[in-house]
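Let's take a friendly walk through this model, one residue at a time. Have the sequence and the 3D view open as you read.

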Amino acid sequence: KEDLKNMKKGAVIVDVAIDQGGCAETSKPTSHSKPTYIIENVVHYCVSNMPGSVSLSATRALTGVTNHYGLLIADKGIENILNDSQAILEGLNVYKGKLTNKPVAKTLSLDYSPYKG
């Protein structure tokens, strides 16, 4: 919050992580109908689910980069790919009913169980 005083008047913070709790101390979720607010002359844009405003484009972009991983899982099987691919392992959130993503567990105050392959 103190850093806002060092920013130029009219500077903008776009918090794309607002759905996960935000990345700035002064962030709070907003909506498309009232997307911005100002603190210390700094504009904050913290719309939850930003891609929702361009849903078709967002869907195409997301599937364009995730389809590869889906095909790897289908080809190798989940057990094998979790042991072979660090990227897929890092994207794992829940496995066999256990929360395997530590930051998610912490944010939601839930028990964390690391994946053990």
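Cysteine 23 counts as exposed, because its relative accessibility is 57%, and the cut-off for that class is over 50%. Please keep in mind that this is a predicted model. Cysteine 46 is a contrasting case: with a relative accessibility of 0%, cysteine 46 counts as buried.

To be counted here, the two sulfur atoms must lie within 2.5 Å. The sulfur of cysteine 46 has its closest cysteine sulfur in cysteine 23, 7.7 Å away, so the gap is too far for a bond. The total for the model is zero disulfides, and cysteine 23 accordingly takes part in none.

Next, turn to histidine 44, which sits in strand S3, spanning residues 42–45. Histidine 44 counts as buried because its relative accessibility is 0%. Which residues does histidine 44 touch, not counting residues up to four places away in sequence? They are Leu4, Ile13, Thr26, Pro35, Thr36, Tyr37 and Ile39. With threonine 26 there is also a polar contact of 2.7 Å between the side chains.

Finally, look at valine 104 in helix H4, which covers residues 102–108. Its relative accessibility is 28%, so valine 104 counts as partly exposed. Apart from neighbours within four places in sequence, valine 104 is in contact with Asn93 and Leu99.

Definitions and conventions. Residues are numbered from 1 along each chain as its sequence is written. This is a predicted model: local features need pLDDT of at least 70, side-chain atom pairs count only at pLDDT 80 or more; totals for chains, interfaces and linings use all residues. Side-chain values use heavy atoms; hydrogens and water are left out. Helices (H or I, at least four residues) and strands (E, at least two) are DSSP runs, numbered from the N terminus. Buried means under 20% relative accessible area, exposed over 50%, partly exposed in between (1.4 Å probe, protein chains only). Contact means heavy atoms within 4.5 Å. A polar contact is a pair of N or O atoms within 3.5 Å; within protein, one must be able to donate a hydrogen and the other to accept it, and residues adjacent in sequence count only if both atoms are side-chain atoms.
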